[in-house]
Amino acid sequence: MRVTVPRVLMLLVGAPLLTYAVAMAPATVFGDREDGRPDRLAEAGPAAELFPPAGKAFVGVMTEKGPQDFAAADAFAAAARYRPQVMMFSSWWGTDRFDRTRFDRISDRGMLPLLAWEPWDNTVDEAARRKGLPVREIDQLRSNQPTYRLSRIAGGDFDPYLRSWADGIRSLGYPVAVRFAHEMNGDWYPWSEASNGNRPGEYVRAWRHVHDVFRAAGATNVTWVWSPNARWDDSTPKLSGFYPGDDYVDWVGLSGYYGIGFHSDYRSFDQIFGPTITEIRAFSGKPLVVTETGASDATGRKAEWITETFRALPRHPDVIGLIWFEVDKELDWRIVSSPAVARAFATAVADPRYRFGWSPHMLPRTKLES
């Protein structure tokens, strides 16, 4: 989405505490902790438990302040009577350096950290918003950042920066997911091939280069998430042209919202996401995750959309997770926006399909169930 953007409550009514016993043999050392103790992550094996478990789908959350302040995440969990298994948070190349405390704070609360890693200077966007500029003008400003052209990423100009993050993530010793350069099929970010002087084919080259730097550094605890925007009315590029290949991607993500722009009229989950899922299935069989979604209540149908969305999800067994955008920004996407919306969400996620926990020793599911 064109907006930038959460310890889970230890006990919530209706959210049973689950304990997992995960076999740890054999084990692979991914790195050493800063305190000198080795961290280990179980390799896939007959006794290893996958995330999500067979027949299940996770529900995650993204908040404005992420692991810096869990108040919004805790409010979400209380309203939903549910402990999310994943938290997504953003980090920007122009301002951020690796900081393991953000990952540890999420993991310590029983959630898989999912890093939305964005190669740009986000302060350009923030300054434009403070001035109250129109959305289209903001898009043009934020997308024109020659420093972060795809050719520079693919050419190795950022390799020291990449290696610092790869070394840091390897040292965590538990799984994390990385959604690198999302919504590349739009024109509102500087990593889009439709902006910033980028050329066709450069997105794939940049993605593969970043992936290869992590692999060379031994950061094999990363689940790589490729995440385009769901098709909209005037979108034309074929997604297959941006796909790095199954050898470079573990999960395929999708961004899509009800109640804004081209989705202002009521559209169901299948209407918003269905055509894009069909297109993706022509070139990838990787598990799907709705990496950003939310609904506004502009037409009074937010609770209805939530109910219908969670009814639709079981018809898509290849969709293994959904992350809710719990932010009041431009529009109020939060489930805490009204009691009726909170009740609808809590009722939906009470289904046993979504009731399980995450453990640092679980292995992310990177293949669909046979």
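With a relative accessibility of 0%, S91 is classed as buried in this predicted model. The residue belongs to strand β5, which spans residues 86-92. Its side chain is joined to that of D96 by a polar contact of 2.8 Å. Beyond the neighbours within four places in sequence, the contacts of S91 comprise D96, R102, L115, A116, W117, E118 and W165.

The packing of helix α10 was examined next. Two packed helices are described by the angle between their axes and the distance between the axes. Helix α1 (residues 71-80) and helix α10 (residues 339-349) have axes that come within 8 Å and cross at roughly 70 degrees. The two helices are therefore roughly perpendicular to each other. On the α1 side the contact is made by F76, A79 and A80, and on the α10 side by A342, F345, A346 and V349. Seven of these contact residues are nonpolar, with no polar and no charged residues.

Helix α9 (residues 302-312) also packs with its axis within 8 Å of that of α10, the crossing angle being roughly 5 degrees. This value makes α9 roughly parallel to α10. The contact involves K302, A303, I306, T307 and F310 of α9, together with A340, V341, A344, F345, A348 and V349 of α10. By class, nine of the residues in the contact of α9 with α10 are nonpolar, one is polar and one is charged. F345 and V349 of α10 take part in the contact with α1 and also in that with α9.

Key. Residues are numbered from 1 along each chain as its sequence is written. This is a predicted model: local features need pLDDT of at least 70, side-chain atom pairs count only at pLDDT 80 or more; totals for chains, interfaces and linings use all residues. Side-chain values use heavy atoms; hydrogens and water are left out. Helices (H or I, at least four residues) and strands (E, at least two) are DSSP runs, numbered from the N terminus. Buried means under 20% relative accessible area, exposed over 50%, partly exposed in between (1.4 Å probe, protein chains only). A polar contact is a pair of N or O atoms within 3.5 Å; within protein, one must be able to donate a hydrogen and the other to accept it, and residues adjacent in sequence count only if both atoms are side-chain atoms. Contact means heavy atoms within 4.5 Å. Axes are lines fitted to C-alpha atoms, for helices over the stretch in contact, and angles run from 0 to 180 degrees between N-to-C directions. Angles under 35 degrees count as roughly parallel, over 145 as roughly antiparallel, 65 to 115 as roughly perpendicular and the rest as oblique. Ala, Val, Leu, Ile, Met, Phe, Trp, Tyr, Cys and Pro count as nonpolar, Asp, Glu, Lys and Arg as charged, and the others, Gly among them, as polar.
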